[in-house]
Each structure stands twice: as structure tokens, then as C-alpha cells.
Amino acid sequence: MSLLASTIATPVGPLTMIASDGVLHAASFSDQPEEVRARIDPSGRGELRGVPDLGPITDAVTAYFDGEVTAFDSLPVEQPGNSWFQTAWKAMREVPAGSTLSYRELAARVSDPTNARVAGFACASNQVVLVVPCHRIIRTDGTLGDYYYGLDVKSWLLRHEGVDAGLPLQVEPPAAVAGAAARQAARGRQRALR
């Protein structure tokens, strides 16, 4: 399978997207397409070709950051995972922009409402950030929970969508993207040591 990769600038840092035949397979706040691809295809069998943009996918994500927060709602998405993960990611996509769902509510939609940890695991396993909006999943008490790219990025995305995320207002995009880049670099160094 031939994969196309494109990295665009966003207010919260570079976003690399990988697609084939108009279907989005990965999106990550990263400027490292090979690392993003490795998470969806560890074998590296598919050819990865960089392109300036992914047409309608790039247009939809750009429109999202320009204020059309529902612009990518209908984008086709496909990522590897068993039926449980697919159900969880589908439930995340059903959470409309401007609202949130608790980890416990997500767990109830997928399987067991008493096991919010499984919902957190589904969020952490999501390889199509933003478009599969794991940032809209929060704790039952209204606090943000966790986010791979940092809580200030999660808060910024929620505020952009019109959610009062309960954190101090940030007018400028978060500086945490540098932290995400540092975490990615550290993971790369750890893998190299193995």
C-alpha cells in the first residue's frame, strides 16, 4: 500500500497526517512522518511519500483551525485495532465539537461503565488525533485527565471548539508542543538503546 504523508503548521504545532486513497490512517502533532507511520505500520512495508497536502483532508483540518470546528467530521478514517478499539474510536467521533464525554461515559458506550481505565487506554491508543477526537474525553469530575501532547494542547483544542476547559485562559497557542517534541525525541532515544 502506498501511503501519502503531509505535515502542516497548526496553532499548536506541526501536524503530520498519513493517508491513502482519501482515507486518513494517522494524524499526530509531530513533524516526523516516519515515526508516525511506524505506529500504524511497524513493518514499514508500505511506501511513504511526502506530499505538500492531502487535498480534502488537509482542507478540512485547515478549516477546523480556521474556526469551522465540524469541518473534519465526515472524513473517512481507518486505523489498525480490534473491534473493541474500533467501537471506542467510533464513539469518540460521535462526541460533537463543543462538548465532552467522560472516560466513564465512553467506557459505558463501549463495554463496562465501571471501568474508565479502558476508555483511557482507547484514547492513548488512538493514532488519528484531532479527527478521532480523544481530546474531548475528560474525567468525570470535569478535569481534563491526560493527553499525549500535554494538557495545555488539550485545553487549547477544547477552548477552540467552545468548551470551557476549566483552566486559565490562554490567548496564545500552548508552548507544550515543545514538550511533546522532547517526549518524542526521548522515546526515539530509548528505542535506539534497545
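**View 1. Buried residues of helix H5 in the predicted model.** In H5 (residues 116-125; helices are DSSP runs of H or I with at least four residues, strands are E runs of at least two, and both are numbered from the N terminus), the residues Ala119, Ala122, Cys123 and Ser125 are buried, that is, under 20% relative accessible area with a 1.4 Å probe and protein chains only. Their cover includes H3, H4 and strand E6 (137-138), where contact means heavy atoms within 4.5 Å. This is a predicted model in which local features need pLDDT of at least 70 and side-chain atom pairs count only at pLDDT 80 or more, while totals for chains, interfaces and linings use all residues. Residues are numbered from 1 along each chain as its sequence is written, and side-chain values use heavy atoms, with hydrogens and water left out.

**View 2. The crossing of H3 and H5.** The axes of helix H3 (residues 83-93) and H5 come within 10 Å and cross at roughly 85°, the axes being lines fitted to C-alpha atoms over the stretch in contact, with angles from 0 to 180 degrees between N-to-C directions. The two helices, H3 and H5, are therefore roughly perpendicular, a class that spans 65 to 115 degrees. Trp84, Phe85, Ala88, Trp89 and Met92 of H3 meet Val118, Phe121, Ala122, Cys123 and Ser125 of H5.

**View 3. Leu106 and the largest nonpolar core.** Among the 44 residues of this core, those touching the most other members are Leu15, Met17, Phe29, Phe65, Met92, Leu106 and Leu157; a nonpolar core is a set of buried Ala, Val, Leu, Ile, Met, Phe, Trp, Tyr and Cys residues joined through side-chain atoms within 4.5 Å. Beyond its neighbours within four places in sequence, Leu106 is in contact with Ala88, Ala91, Met92, Leu101, Ala119, Cys123 and Ile137.

Key: Parallel < 35°, antiparallel > 145°, perpendicular 65-115°, else oblique. Buried < 20%, exposed > 50% of the residue type's maximum accessible area, 1.4 Å probe, protein only.
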